[in-house]
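Colleague: I would like to learn how to read a protein model step by step, beginning with the whole and then moving to single features. Could we go through this one together?

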Amino acid sequence: MIEFVNEFHHKPSETISCTMSDIQLHRLDLNLLVTFEVLMDEGSVAGAAEELGKTPSAVSHALARLREQVGDPLMVKVGGRMQPSPFALTLLEDIRPILRSIQRAVSPPQPFDPATSNRTFRIAVPAIPSLINAVFARLSEEAPGVSLEWVGLGPHLYAAVADEQVDIAFLGADKTMPEGLMEQVMPPLSRYTFMRTGHPALDKWSREAWLDWPHVMVGMSDAARQTVEERVKRDGHERRIGAHIPEFSGIGPLLAGSNMLATNVKPFLGADVVTYGLVAPRPPVDLPDITFRFFWSARLAADPGNRWLRAIVIGAYERLCAE
């Protein structure tokens with residue numbers, strides 16, 4: 001004797017006219033497929049209900065709805081046990097990988113173990129010697145197999161981060177953050193003018209001295225330079241630019257061996273202030289504080305490896321600022 005479990009909305013004399021081509025996916029409840037898979041595995045409504053934590057009535061109702069959707073009886077009772085139709089066997093084979101794929105997509109990220117990882121990260125952060133040393137010291141201790149590429153900032157950095165070519169980057173927070181990115185804005189920093197000990201400008205530290213002696217500039221972001229130049233030009237002045245260099249690591253030795261000045265924030269020179277015997281009075285011109293931010297792809301926000309990297313880099317920067 002063959003009978004459907006619970007009600008099947010078609011009378012025995014009716015034919016099932018619905019075909020798969022008639023199904024509108026937006027009307028298909030994914031939970032029906034989940035219930036169907038468990039029902040196929042358990043072979044009974046009672047077993048599926050127990051596995052799913054539902055009532056037998058709810059499982060029977062779900063089976064009836066899916067039957068109506070796909071236009072096939074799917075499972076029928078034969079000799080007291082549910083037996084699948086040929087279509088049900090094919091459907092199960094097709095939906096299993098789909099359900100597993102969905103399960104993987106919505107599952108929380110798997111733990112990241114830095115001690116065993118051999119992942120390569122790319123960061124676009126100023127090459128501040130103290131920061132580089134602190135970050136690589138942590139990597140050497142916690143993640144000996146992890147590789148870190150310290151890349152240049154470049155003109156298209158926001159796009160590179162959005163495309164996940166760069167894991168974390170650092171720039172001035174002077175522009176609106178593009179879509180698809182997340183950020184952590186750092187506390188504003190005051191500017192200082194760095195120079196060698198015994199610099200002639202210190203004899204009479206004034207606006208004129210600041211304007212007359214040549215300045216060193218680092219090619220990081222236009223934000224800092226434009227802000228300084230705007231303030232100077234507002235009063236009808238223009239400072240002398242004596243050198244453009246690509247990295248902050250070059251500032252210390254250049255200042256120590258010349259009479260150049262460098263107006264910047266203290267964390268960017270770090271230990272080089274002591275190493276090269278520099279002094280750093282406040283500039284005798286009205287310059288605003290500057291705010292920087294770290295940013296990364298929003299799609300990587302929950303990635304355990306990316307979160308680990310952000311914690312190391314941002315933490316090292318925060319400690320550098322505190323020191």
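Colleague: What percentage of the 323 residues of the protein count as buried?

Modeller: A residue is called buried when its relative accessible area is under 20%, exposed when it is over 50%, and partly exposed in between, using a 1.4 Å probe and protein chains only. By that rule, 41% of the 323 residues count as buried. Please keep in mind that this is a predicted model, in which local features need pLDDT of at least 70 and side-chain atom pairs count only at pLDDT 80 or more, while totals for chains, interfaces and linings use all residues. Residues are numbered from 1 along each chain as its sequence is written, and side-chain values use heavy atoms, with hydrogens and water left out.

Colleague: How many helices and strands are there in the protein?

Modeller: Helices (H or I, at least four residues) and strands (E, at least two) are DSSP runs, numbered from the N terminus. The protein has 11 helices and 13 strands.

Colleague: What is the order of the strands in the open sheet of five?

Modeller: Strands of a sheet pair through backbone hydrogen bonds, either parallel or antiparallel. Here two strands are said to pair if DSSP finds at least two bridges between them. The order is β5-β4-β6-β13-β7, and the pairing is mixed. Because β5 (147-150) and β7 (181-185) stand at the edges with a single partner strand each, one side of each is left without a neighbour in the sheet. Neighbouring strands of this sheet are turned against each other by 20 degrees on average, direction ignored. Within it, β6 (residues 168-172) and β13 (residues 292-297) pair in the antiparallel sense over four bridges, and Phe170 stands opposite Phe294 in β13.

Colleague: Which residues of strand β11 lie on one side and which on the other?

Modeller: In a regular strand the side chains alternate between the two faces of the sheet. In β11 (residues 262-265), Ala262 and Asn264 lie on one side and Thr263 and Val265 on the other, and all of them are buried, so that both faces are covered. This strand runs antiparallel to β8 (residues 191-196), to which four bridges join it, and Tyr192 stands opposite Asn264.

Colleague: Which residues touch the most other members of the largest nonpolar core?

Modeller: In soluble globular proteins, nonpolar side chains tend to be buried together. A nonpolar core is a set of buried Ala, Val, Leu, Ile, Met, Phe, Trp, Tyr and Cys residues joined through side-chain atoms within 4.5 Å. The largest one has 40 residues, of which Phe268, Phe294 and Tyr317 touch the most other members. Helix α11 gives the most to this core, with eight residues. Apart from it lies another core, of 22 residues, among them Ala48, Val70, Ala88 and Leu99.

Colleague: Where does helix α11 lie?

Modeller: Axes are lines fitted to C-alpha atoms, for helices over the stretch in contact, and angles run from 0 to 180 degrees between N-to-C directions; contact means heavy atoms within 4.5 Å. Helix α11 (residues 304-322) lies across β4 (120-124), β5, β6, β7 and β13, and runs at about 170 degrees to β13.

Colleague: At what angle do the axes of α1 and α2 cross?

Modeller: The axes of α1 (residues 30-42) and α2 (residues 45-52) cross at roughly 125 degrees and come within 8 Å. Angles under 35 degrees count as roughly parallel, over 145 as roughly antiparallel, 65 to 115 as roughly perpendicular and the rest as oblique, and α1 and α2 are therefore oblique to each other. Val34, Thr35, Val38, Leu39 and Glu42 in α1 meet Val45, Gly47, Ala48, Glu51 and Leu52 in α2. The buried residues of α2 are Val45, Gly47, Ala48 and Ala49, and these pack against α1 and α3 (56-70).

Colleague: Which value does phi of Leu74 take, and is Leu74 buried or exposed?

Modeller: Most residues other than glycine have a negative phi, and most peptide bonds are trans. Phi of Leu74 is near 65 degrees, a positive value in a residue other than glycine. Leu74 sits in the loop between α3 and β2 (75-78) and is buried, with a relative accessible area of 0%. Glu164 also has a positive phi, of about 65 degrees, although it is not a glycine. Glu164 belongs to the loop between α6 and β6, and at 33% relative accessibility it counts as partly exposed.
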